[in-house]
Amino acid sequence: MKPIHLQKMTTFHWTIGKSSKCDSKVFIWPSILIIEVLVYSSYGIFINLSRSDGNLEYHSSSIWFSVELLKLGLALLLAWPEILNQVSLFSKTKSVLPFCIPALCYCVNNNLSVYMQDQMDPATYQVLSNLKIASTALFYRLIIKRRLMTLQWVSLGILMFAGGLNSYTGLKAKSKSLQDIHISALGMVMAAIYCSVSGFSGVYTEYILKKDAVIPLALQNCYMYIFGVILNGLLMLYQSGDMKIYHSFTKYTWAAVISQAFNGLAMSFIMKYSSNITRLLVISSAVPVTAALTMVVFNMKAGLDFFVVVFLVVLALCMYNSYSIGKRRSMSKESFV
């Protein structure tokens, strides 16, 4: 793959708000990011609230088939103006087929994320999810040829240490209640697979979204979500053997479906018009938010060691993003001279 330049932004530039010409857009990015952090943080909460007598009564594929179907419907709605303008939904096969790869990765990871809830508490799930920063950085280097600064490598080391400390604390836990920080050995293996696949799929998705920049995002989303509906539908048929998928859904299950549909659309927007660095900002910012929500909703009791982990994760995030954000700011100042 040829390296592509990811610093170029479209109309939605990080300098929004620095010019009077962009006053109407000054709240677009902050609003998207704040809402996205809240949505991303809510996933584990909704999944655990949807339990019946402590068990998940539905198959993972049923919830993600519903999510992909809803995302496809919304993407088609957004792409409708392009379709009316006689833009073919499948104009080029070579532009469509690459989206089956991230769709397969997301299918694996999304279903895995449901079963991870049985192996750890929501706060630990959110903390360990941040290890995808390391895998994202690795695949950024391999796929997009972006080199990391020394400070970013140090931040990744801090992040790995925080993840290890949280896992060690969770493994020592005697209780598997949602009121306590806990994780199983299987949960650690699942987290490692989840973060590795997530890192690759995130970077590859950004690559193909920006490689064919002339194709509207709504159409690109349609390509990916069609594959997502097919893959999750086949998995659902394999798991359940029928299409009776909603009999065990609760209001919290539907809340998870709606929130994750929004999450998918928002993440594609972020990767199209910004980068995976912004995506990681959302993921890492969700750690303290998820911890706070878990404490309130499930009355979770967290010790000092967990707050140390949260602090280290936030510190690693600030260090990792400081160079990229500083560079963008210097570029934006030059552009307004």
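User: pLDDT is the predictor's confidence in each residue, from 0 to 100. How many contacts beyond four places in sequence does the model have for residues 331-337?

Analyst: This is a predicted model, in which local features need pLDDT of at least 70, side-chain atom pairs count only at pLDDT 80 or more, and totals for chains, interfaces and linings use all residues. Residues are numbered from 1 along each chain as its sequence is written, and side-chain values use heavy atoms, with hydrogens and water left out. A contact means heavy atoms within 4.5 Å. Over residues 331-337 pLDDT stays under 50, and the number of these contacts is five.

User: In which helix is confidence highest?

Analyst: Helices (H or I, at least four residues) and strands (E, at least two) are DSSP runs, numbered from the N terminus. Mean pLDDT is lowest, at 66, in H12 (residues 304-335). The highest mean, 94, belongs to residues 100-116, helix H4.

User: Which kind of aromatic pair do Tyr 125 and Tyr 194 form?

Analyst: Rings of Phe, Tyr and Trp (its six-membered ring) pair if their centres lie within 6.5 Å; planes under 30 degrees apart count as stacked, over 60 as edge-to-face and the rest as tilted. By this rule there are nine aromatic pairs. With 6.1 Å centre to centre and 50° between the planes, Tyr 125 and Tyr 194 are tilted.

User: How many residues apart in sequence are the parts that this pair ties together?

Analyst: Tyr 125 lies in helix H5 (residues 122-129) and Tyr 194 in helix H8 (residues 185-211). The pair therefore ties together parts whose separation in residues is 69.
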